[in-house]
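Keep the picture open as you read.

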2 protein chains.
Amino acid sequence: MARIVALDTFDVRFPTSRQLDGSDAMNPDPDYSAAYVTLRTDDPSGLAGHGLVFTIGRGNDVQTAALQALSHLVVGREVDAVVDDLGGFARSLTDDSQLRWLGPEKGVMHMAIGAVINAAWDLAARRAGKPVWRLIAEMTPEQIVGLVDFRYLTDALTPDEALALLRAAEPGRAARTAQLLEQGYPAYTTSPGWLGYPDEKLARLAREAVADGFRTIKIKVGLNVEDDVRRCRIAREAIGPDIALAVDANQRWDVGDAIAWMRRLASFDLAWIEEPTSPDDVLGHAAIRRGIAPVPVSTGEHTHNRVMFKQLLQAGAVDLIQIDAARVGGVNENLAILLLAAKFGVRVFPHAGGVGLCELVQHLAMADFIAISGRMDDRAIEYVDHLHEHFVDPVRIRDGRYLAPMSPGFSAEMHGESVREHLFPEGRVWREEREELPVSSGI
Amino acid sequence: MARIVALDTFDVRFPTSRQLDGSDAMNPDPDYSAAYVTLRTDDPSGLAGHGLVFTIGRGNDVQTAALQALSHLVVGREVDAVVDDLGGFARSLTDDSQLRWLGPEKGVMHMAIGAVINAAWDLAARRAGKPVWRLIAEMTPEQIVGLVDFRYLTDALTPDEALALLRAAEPGRAARTAQLLEQGYPAYTTSPGWLGYPDEKLARLAREAVADGFRTIKIKVGLNVEDDVRRCRIAREAIGPDIALAVDANQRWDVGDAIAWMRRLASFDLAWIEEPTSPDDVLGHAAIRRGIAPVPVSTGEHTHNRVMFKQLLQAGAVDLIQIDAARVGGVNENLAILLLAAKFGVRVFPHAGGVGLCELVQHLAMADFIAISGRMDDRAIEYVDHLHEHFVDPVRIRDGRYLAPMSPGFSAEMHGESVREHLFPEGRVWREEREELPVSSGI
């Protein structure tokens, strides 16, 4: 009878700020990082589960401390009991009455809870010998409903409604699984459009993206409206009229600013404007959507829990949503959000990039296609082409589509050497970073 | 030219779970705690600033780590530059682009930012030789507007509107200051109504509260509706028809539950129902308010920033709000919230209790009375009568009213001995706690 014997944490950081990869209007110099967690077991096979919180540098130590604070809820548990009741396991973390005060269900503590829940899913999927997407896709509707915490949702979605929705999708599961395995799932790319890139690089990368098979690209906006008009024109000319062009303001604007700014960009036939304002501002997104119709409005990568997604949908504030694998309370809360999106008929374009977010979120989108919404060709998963080499089971992209991962687990495991070399501040990469800089830099 | 030379943090916890003080429907066994922060300076007078985040036990270490993560933004700064531009100081903390990812502006990281901002206010007020309430109340309207970050607020409140509102309140400041110093500010008490208390204790404490001069008492509800009906009846009988009775569900219900439950309690002429559902659910509060009118609806102690308060007001979701001194981004963000409340004409009943929350929030309510809303007799500050003895400048209550604090600063400083004895896990109190318990308890 195997037990979880340790919750190990690692402060892993990559010095990405050197290259301006990942630069946008709110995040000028991110060092992409992961507060990485491993649930070790005493199973003789060496079974373990892996999860992570993505951050952009400073504060990754705080996030790691939050993971540690969950040890008492995890260490000592029987593996069978955890993997057989992932709904109960998730609730036992979100319901710790003292830790709950630090959220509730938001910010550092909630992201830590999400990473530990995801690590338990990795464990469960390895145990079952399946990738997470298939583990979910082969569950009964009743099992999926049992994974979801419907607290605070029942005015928008009841367990019975969720069950009906899942049952309606059941007959097509086998055909969609075959379709997924053959075709993969559509991807879109944000690699061309970081704010720190010069125009020539934007145009070249946009053309390359189309040549690589992507049907949607996204660029960052929000620092200067004249620059944005120019960059949208360059991007649109590079990709032609048949490829979708989305823009992302990363929370830069107030409501009035967003409406005025987006009217300047409306002529570029945009697929959506992402994060026009504060991720907390449900009513603000609704006002912006009314003000810039028919340009579609979107948000979600910083939407902190299912209660906020519920309201975005209830208020008609968005045309589509992003989900993020490492922001909310793990697979379980993302299933709640996918069920809500299906109920309201809103498309999902999962957020990815960062460290490991592509690896994780593909499983959720694929499970959604097979067992929940039944849709993939009107949506796509974000793709950014860096840091995948640090993962044991990295994403595979072919002709602008994510190929379904086939290894057991959640694709969250990092190479041991990658973890060791990038440990902050003691790993080799960071020791060398300090040696290259003059002492006066203060690092 | 004095500088801030250190940001010291302390994990301070009180073993309150022994007595069921503070027990409610979501928090059965809190150990009231403070992640306590001191900004030390090299000023020869020993000048320092103090702040804290209130938590209820586990996770206080995570909160302390978050305070530490702000050191690089604070240590080395000139004291004059900080106290002369508290608006700029506050923005420099909320705008750290890497730390912002951990919120943004919510949860563990935002509460830490709030505590450090409050510590800077303590420093500024000590330097000025005034209590914080008076420091604010003597600022010009322009200075107060300069303290506020209007980002994401301008669709509801512009700087010009705030300025007009503050100017309109200016002529009455002197008279209201005199009134405050003479009469104090109304308090209400939650001490009688903790869920863990037996009926007899509830009735006795409710009668004592009225005898002590309180005009409003509040009791906890939400675990069992029949118990709540009985407890409301006992409380109403104990206090008579002329004293206000409020109830607090601490986020226990979904929207439909809240409406059904509160219809059972409506006959007790309630002053408000507090936190009927998730603090994130703006639209849910609006639906509940429509469903149980005319019972007033309230929330705020867990409302994580000004953007959420803005929406509660825009949506007509609440009849009154609670503010909390240690949940949002310090004095500065609370000034934004008080200005919003004044603009929308909504009453403010500050949340207190915990550790040091009474000491802090009284300053905000008093500054609001003098310089912003101009009102105090239609509102009251929560009061709970424990743990004040650990503070150097504890609140003073007379005839159910808070007397204005007169010492320079923010009343946030704890006695050095209280901090040392309650340090977790190494302080004397916790060493003794462990010795008293059998080894098998796992603590």
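Start at A:Arg264, which is partly exposed, with a relative accessibility of 38%; here buried means under 20% relative accessible area, exposed means over 50%, and partly exposed is in between (1.4 Å probe, protein chains only). The model is a predicted one, where local features need pLDDT of at least 70, side-chain atom pairs count only at pLDDT 80 or more, and totals for chains, interfaces and linings use all residues. Residues are numbered from 1 along each chain as its sequence is written, chains are lettered from A and ligands numbered from 1 in the order in which they are written, and side-chain values use heavy atoms, with hydrogens and water left out.

What does A:Arg264 pair with? Its salt-bridge partner is A:Glu226, with the closest N and O atoms 3.2 Å apart. A salt bridge here is a side-chain nitrogen of Lys or Arg within 4 Å of a carboxyl oxygen of Asp or Glu. Side chains of opposite charge can pair when their charged atoms come close. A:Arg264 sits in helix α12 (residues 255-265) of chain A and A:Glu226 in helix α11 (residues 225-239) of chain A, so the pair ties together parts 38 residues apart in sequence. Helices (H or I, at least four residues) and strands (E, at least two) are DSSP runs, numbered from the N terminus. A:Glu226 is partly exposed, at 46% relative accessibility.

Now move to chain B. B:Asp248 forms a salt bridge with B:Lys220, and their closest N and O atoms are 2.9 Å apart. B:Asp248 belongs to strand β6 (residues 244-248) of chain B and B:Lys220 to strand β5 (residues 216-220) of chain B, so to speak a link between distant parts of the chain, 28 residues apart. Both B:Asp248 and B:Lys220 are buried. Over all chains, the count comes to 72 salt bridges.

Finally, look at where the chains meet. Here 61 residues of chain B are in contact (heavy atoms within 4.5 Å) with 60 residues of chain A. About 5000 Å² is buried between chain B and chain A, 56% of it from carbon and sulfur atoms; buried area is the accessible area (1.4 Å probe) that two parts lose on being put together, summed over both. B:Arg58, B:Gln98 and B:Trp101 supply 19% of the area that chain B buries against chain A, more than any other three residues. How many salt bridges are there between chain B and chain A? The count is six. B:Arg58 forms a salt bridge with A:Asp96, the closest N and O atoms being 3.1 Å apart.
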